[in-house]
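Here's a quick briefing to read with the model open in your viewer.

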Amino acid sequence: MKVIIRATGTFRERFPQGQDRVVVRLERPLPVKEILTEKLGIGTEGLAAVVVDGQYKSRDYVPADGEEVILVSPLGGG
Amino acid sequence: MKILKARPEACNECYACLDACARARFKAAEREKAALRIAPRDPATGLVSFITCNQCGECIDYCPVQAICRAKSGVVRIDRDRCVGCYSCVAFCPRGAMFMQDDLNEPFKCISCGKCVRECPTGALYLEEVNKN
Amino acid sequence: MREQAAAKGRKILASLDYPLRPVEKGYANRSLYVNLTDRAILSKPVTDEMKEIFIGGRGFGLWYLWNAVTEKTKWDDPENEIVISAGPIGGITQYPGAGKSIVVTLSPTTGTVIDSNVGGHFGPLLKFSGWDALEIQGQAEKDVIIFIDGNAGRVTIEEAGPGPGDSHLIIEQLMDIYAPTEEDKRHVSVVTTGTGAEHTLIGMLNFSFYDLHRKIVRVKQAGRGGTGTVFRAKKIRALVVKYAGVKGDSNGPADKKKINAAGIRLHREIAALDDRQCRMRRTGTTYLVQIMNDHDILPVHNFKFGSHPDAHRLNDRYWRTRFSPGKADGCWYGCTLACAHVAMEHRLKTGPYKGQVVAVDGPEYETIAGVGSNCGIFDPDSVLELNFYCDTYGIDTISFGNITAFLMECFEKGIINEKITGGLKLTFGNAEAALELLHQMARGEGFGRLAGQGVRRLKRILAEQYGADAAFLQDIGMEAKGLEYSLYVSKESLAQQGGYGLTNKGPQHDEAWLIFMDMVLNQIPTFEDKAEALYYFPMFRTWFSLNGLCKLPWNDIVPADNADTDEPAKVPEHVENYVNLFSGVTGRNITKEDLITMSEAVYNFQRVFNLKMGFGTREHDAVPYRSLGPATVEEYESRADRYDRQLKELAGFDPEGKSTEEKLRALRKYREDQYQRLIDAVYARRGWAANGVPTLETLKRLKIDFPDVVALVEKHLPRQ
């Protein structure tokens, strides 16, 4: 199975230069937290929220095959 | 310049160093007013650890009023008259060696005076001469 | 004393000697009243009732202004006042973001009361000099300076005499006079504005502080609503306060221990986490540029779009290389969030100071988005140049950016042309034209003179004088209540539409910024959820302006475990800090619920104030359609998939085979209806009648049922 991870804001800097999206191939479903620490090695420090299909999810959310997960960095906004 | 260093293996936790420091700086009997700390023994090593200032001067740039500066001797000092008591230096000190107490407006730190060294019965503290740079 | 003034070459017009006494529990317990018409200078007591109900800061400003003006008062009438107050917490040095001043006056662009929250050292030094608020009424004949010497205990109104008209030069001159030695400089703060404030309605006020590390004077801006324009109408050149002796207990806290604990806790949090969160210490609010662009909410081309391929040129990666690094960039002592950055050595390419090398304070996010992306300008040097000139001319960058973008759209649509603009080619991205427009505004000449009237008046002028379609201009001119929009595209967030539209002063994000909770995270899906957010957050944020606090240390840094708390958007641990700060300073023990009620009283009072000035009812909460949805075919088609899907899924309208115009109309009908339903829900939650007027029960509950308030409200409440 594969999951698409998209970075926004300062999380982009932990992705390869110029990329805001990576496709992760998984043998079995894993929570977002583990995908970030174990598969991508970028950690969850400073991860404020996870958004899947326009919905807020916790960092323990387990994405389904083909789902896109948006990583939201902390922001106070205006 | 001189910096305060420790031999944790020699410490018998008598706290004479803290008492001497607090007395010298504030004429106070409270050990919390000493400009160094002894952290409890680590069960793994059986040793205490000392929190002491190495006069790195990192705090100088964090002070909004330039109340912290390096004296000619190389030691980093706080000008208490200039200090506005914001405690930025306390939080940003990389060694946790800038201290504050609620009844004092200004933070305080070690100035390598050596009083603690003289009071230590076991030689667990000493002053070492290091290159200023 | 008189000799000293003579040495300064200034004639003293009036003076007051006052006894010095310490601040007690956050209050000096008196306010300084200055009347520039009859040159009266008075000390007024601050009453317990004022402290109980209005707290300080914005609350005090509203209370003094309410008593000073009638429903007929206009912004340039002598009885209008400028009130500056820091609030009880303002001036503590242990907690980040605690040096704010709040300016309150009747606004030239909205016609009603405006409040603007600003950094710099003026508010705290004013309080330590012995004054909770400075209340200025009347109008001088010739330019004056009001000088408060907080160590000598003397206030003087001085003839300003000849001198420069722009902020950076005025401040330089006044620092030489009032702070002749290097040691004096940090004890002096100047409030001033520039030539732009004199010739436009969007003038702002610069509040200074001295940057000891770089040895330059820095400024922060009370930007919104034309406070600088009122200042110049009163013929004030500058306010100067001097107070030497700020210490950790200058604010006279009731229990300093509580403040210390909260301060150390937040300082440590910032030290440990800021690098991994918003990096305020390194690049300030500029981090928002990329995030807003990523989520399609960065205003581009007068809010038509939410992103642009060139936006990265203005993001924090660039500013990291351009800002001068500094470890103590707070705009008041102890602000370790330290977002007040500066770009050194900018060589000016245009205008009266062309060729000079200057330091530019900022830019901050709002300025980058306002004078940058919203005008289609993506060249950072142009953004710096616009920022510098707006600051020194005393012009609000947010309003300037909106006006320019609006005129650029009008120009590209052919509503105005080079004949009307006097040769300015106001196309999106034309930085040169934007700068020339700004210089004209400052000189009060040419098309700039017209532009300086603000978007609301421009809508009318362009329709009346140049035959423009008034309805179209209303749709695309980004102002509500006469105030230009701050810089977030609210089209896809109903809650944010309300966050802008249902404000007291006009669309400024400092009341409610719900766009992320609502649009990106979808955490407040129902009308009730949104109404609750539009109750809680505006009240919570109002509290900062009552106390002299900055919003940023609330949620631009959060504890490591904040995401795992019940309500991450509220940042529960920081709310606890505020409760402790307030009781630590004032000795009044409060709960986090009290904090909301305190704000609610002042917030509702401000709503009633609007009513007094002829606004404050439902029709004044209307917004331009572009803040609700795509106003043009071009906008619709740029995000056609999104809008088609919404029509089908939400509005029950099949877009198949329909023209863009038909779809645009259907979407508009749906979205305007949603906005009205939101208003109903929010009014109910806030305790207001369906026409937007606070009910008598609400006034009683909040203890603001003063006889004149009740009489006014009764006239406007719908009959039962």
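This is a predicted model: local features need pLDDT of at least 70, side-chain atom pairs count only at pLDDT 80 or more; totals for chains, interfaces and linings use all residues.

Residues are numbered from 1 along each chain as its sequence is written, while chains are lettered from A and ligands numbered from 1 in the order in which they are written.

**Confidence in chain A**
- Mean pLDDT (the predictor's confidence in each residue, from 0 to 100) is 89 for chain A, with 100% of its residues at 70 or more.
- Within chain A, strand 1 (residues 2-7) has the highest mean, 94, and strand 4 (residues 55-57) the lowest, 88; helices (H or I, at least four residues) and strands (E, at least two) are DSSP runs, numbered from the N terminus.

**Where chain B meets chain C**
- Chain B puts 18 residues into this contact and chain C puts in 22, with two residues in contact if their C-beta atoms, placed from the backbone, lie within 7 Å.
- On the chain B side, helix 2 (58-62) and helix 3 (88-92) each supply at least two residues, and helix 3 gives the most, with four residues.

**Nonpolar cores**
- A nonpolar core is a set of buried Ala, Val, Leu, Ile, Met, Phe, Trp, Tyr and Cys residues joined through C-beta atoms within 7 Å; buried takes 20 or more other C-beta atoms within 10 Å of a residue's own, exposed 12 or fewer, and partly exposed is in between, with C-beta atoms placed from the backbone.
- The largest core has 274 residues, and Cys89(B), Val240(C) and Leu438(C) have the most contacts inside it.
- Leaving aside neighbours within four places in sequence, Leu438(C) is in contact with Leu386(C), Tyr389(C), Cys390(C) and Phe400(C).
- A second, separate core of five residues includes Tyr636(C) and Leu664(C).

**Chain C overall**
- You'll find 31 helices and 17 strands in chain C.
- The C-alpha trace of chain C spans about 80 × 55 × 55 Å along its principal axes.
- Of the 720 residues in chain C, 60% count as buried.

**Gly130(C)**
- Gly130(C) sits in the loop between helix 4 (122-128) and strand 7 (133-137) of chain C.
- It has 23 C-beta neighbours inside 10 Å, so Gly130(C) counts as buried.
- Not counting residues up to four places away in sequence, Gly130(C) touches several residues, including Tyr18(C), Arg30(C) and Gly150(C).
- From Gly130(C) to His295(C), 165 residues apart along the chain, the C-alpha separation is 47 Å.
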